Amino acid sequence: MSTFLNRLREHVTDVLHIWRHEMVRVVKDEGVLIFFVVVPLGYPLLYSWIYNNETLHETPVVVVDQSHSALSRQFINDCDASPDVHIKFYAGDLDEARSLVSRQLVKGIYLIPSDFASRVYRGEQATISVYCDMSLMLAYKAVYQTAMVEAARMGAGLKIKKSGNYTKREDAITAQPLAVDEVTLFNPSGGYGSCVLPAVLMLILQQAIALGIGMAAGTARERHKNGQLIPTDDPHYRGAYRIVWGKALCYCMIGAVAAAYLAMAVPRMFSFPQLGDGWTLFWLLLPYTLACIFFGMTASCMVRYRENVMLIMVFVSVPLLFLTGVSWPQSNIPSYWQGVSWLFPSTFGVRAYIRANTMGASVSQILPEIRILWIQAAAYLGMACLVYRHQFRLAKKYASN
């Protein structure tokens, strides 16, 4: 019994020593401190501030009015009065309008043909051509939808004038025989920020943890002899499992603060939809943070220099966002790439976080994602122990030579 207690005490002492040593390294290393502290704190604020307006307003548009009629001027004034479009220029022909689009002075063109008013007054169908800059989907949405809404409104008014109704109720039925109540679920503003930012926040957490751990591993390799990850002059580094748990304890303390800040504080600061309760987010963030930490520790063993981890993680950031199924439908992602996405904690962490925090799902409703995150955490823990065991053997080998 005493032998077991002594070994347990020795094990705990080594783990705490490695934890303290790792904390000191993190605090003293400016690069690691930036990824562990500055990136989780500042990067989400920058993203959230950029997308805080949610939708585009006063999108510049050029008008080519070949009709020069009262009806065309009414359509132009109605579009200009809308919150999403601003009539910035008038052009004499379509070529002049296209030159304004090519110079990025406007994002769309409204072309009103010369026979617009005459066709309307003859009871024929008139046409208004809309040209949109498709390089920015939000601008396309503002320009196109504004034209559609104002055209429908003008058409309803013309139908009412020709109907010969006697009551306002008859006018309403004539203008809109079939009423549609539009209810925007989980994103009341219909904004881009409320849609994408929750996924970005979870991805930032994974990237920040992986970058910090990877840079710390690169620093260790550069400082130790023969590029080893484990120091050979410290007697407390005498077991792979102790090293993994000691380092993980350090990263867990940092990751817990970052996770709580990203998942709970940032959405509240910028008034993004936040329907999840604290306990649901806790049961989600616990396995997600652990999976990110052990994933970072496993990947860090492949980092030779400090700069390598930045190149790798920055390169995979955009693909990982697409693979979550937020910015691109999951049903349209090829099965091969969906299989690749299962290797990263962000895939299931993002999906579960959006369902919990944005849609108000309970723990039971996101239980499949939570189970997969626990499986990933256990798998990457085992892989981290294996790779650190290999590194420990290499360190002992070089120390004996």
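**Reading contacts and cover**

Analyst: Glu-369 has a relative accessible area of 11%, so this residue is buried. The term buried means under 20% relative accessible area, exposed means over 50%, and partly exposed lies in between, with a 1.4 Å probe and protein chains only. This is a predicted model, in which local features need pLDDT of at least 70 and side-chain atom pairs count only at pLDDT 80 or more, while totals for chains, interfaces and linings use all residues. Residues are numbered from 1 along each chain as its sequence is written, and side-chain values use heavy atoms, with hydrogens and water left out.

User: With which residue does the side chain of Glu-369 meet in a salt bridge?

Analyst: Side chains of opposite charge can pair when their charged atoms come close. The criterion for a salt bridge is a side-chain nitrogen of Lys or Arg within 4 Å of a carboxyl oxygen of Asp or Glu. Here Glu-369 meets Arg-355, at 2.9 Å from N to O. Glu-369 belongs to helix α14 (residues 367-400) and Arg-355 to helix α13 (residues 345-358), so the contact ties together parts that are 14 residues apart in sequence. Helices (H or I, at least four residues) and strands (E, at least two) are DSSP runs, numbered from the N terminus. Arg-355 is partly exposed, at 29% relative accessibility.

User: How many salt bridges does the structure hold?

Analyst: The structure holds 7 salt bridges. One of them joins the side chains of Glu-22 and Lys-247 at 2.9 Å, N to O. Because Glu-22 lies in helix α1 and Lys-247 in helix α9, this pair ties together parts that are 225 residues apart in sequence. Both Glu-22 and Lys-247 are buried. Arg-25 is linked with Glu-22 and Lys-247 in a network of salt bridges. Another salt bridge joins Glu-124 and Arg-122 at 3.3 Å, N to O. Glu-124 is partly exposed, with a relative accessible area of 37%, and Arg-122 is exposed, with 52%.

User: How many aromatic pairs are there, and how is such a pair described?

Analyst: A pair of aromatic rings is described by the distance of the centres and the angle of the planes. Rings of Phe, Tyr and Trp (its six-membered ring) pair if their centres lie within 6.5 Å; planes under 30 degrees apart count as stacked, over 60 as edge-to-face and the rest as tilted. The structure holds 9 aromatic pairs. In one of them, the ring centres of Phe-36 and Tyr-251 are 5.7 Å apart and the planes stand at 35°, so the pair is tilted. Phe-36 is in helix α2 (residues 30-50) and Tyr-251 in helix α9 (residues 240-269), so the pair ties together parts that are 215 residues apart in sequence. Phe-36 counts as buried at 5% relative accessibility, and Tyr-251 counts as buried at 3%.

User: Which residue forms an aromatic pair with Trp-245?

Analyst: Trp-245 pairs with Phe-294 in an edge-to-face arrangement, with 6.2 Å centre to centre and 85° between the planes. Since Trp-245 lies in helix α9 and Phe-294 in helix α10 (residues 278-300), the pair ties together parts that are 49 residues apart in sequence. Trp-245 is partly exposed, with a relative accessible area of 42%, whereas Phe-294 is buried, with 4%. Elsewhere, ring pairs link Trp-279, Phe-282 and Trp-283 into a cluster.

User: How many residues of strand β3 are buried, and with which strands does β3 pair?

Analyst: Two strands pair if DSSP finds at least two bridges between them. Strand β3 (residues 108-112) is mostly covered, with 5 of its 5 residues buried. Gly-108, Tyr-110 and Ile-112 point one way, and Ile-109 and Leu-111 the other way. Strand β1 (residues 59-65) pairs with β3 in the parallel sense over 4 bridges, while β3 and strand β4 (residues 129-132) run antiparallel and are joined by 4 bridges. Leu-111 is the bridge partner of Val-64, and Ser-129 in β4 is the bridge partner of Leu-111.
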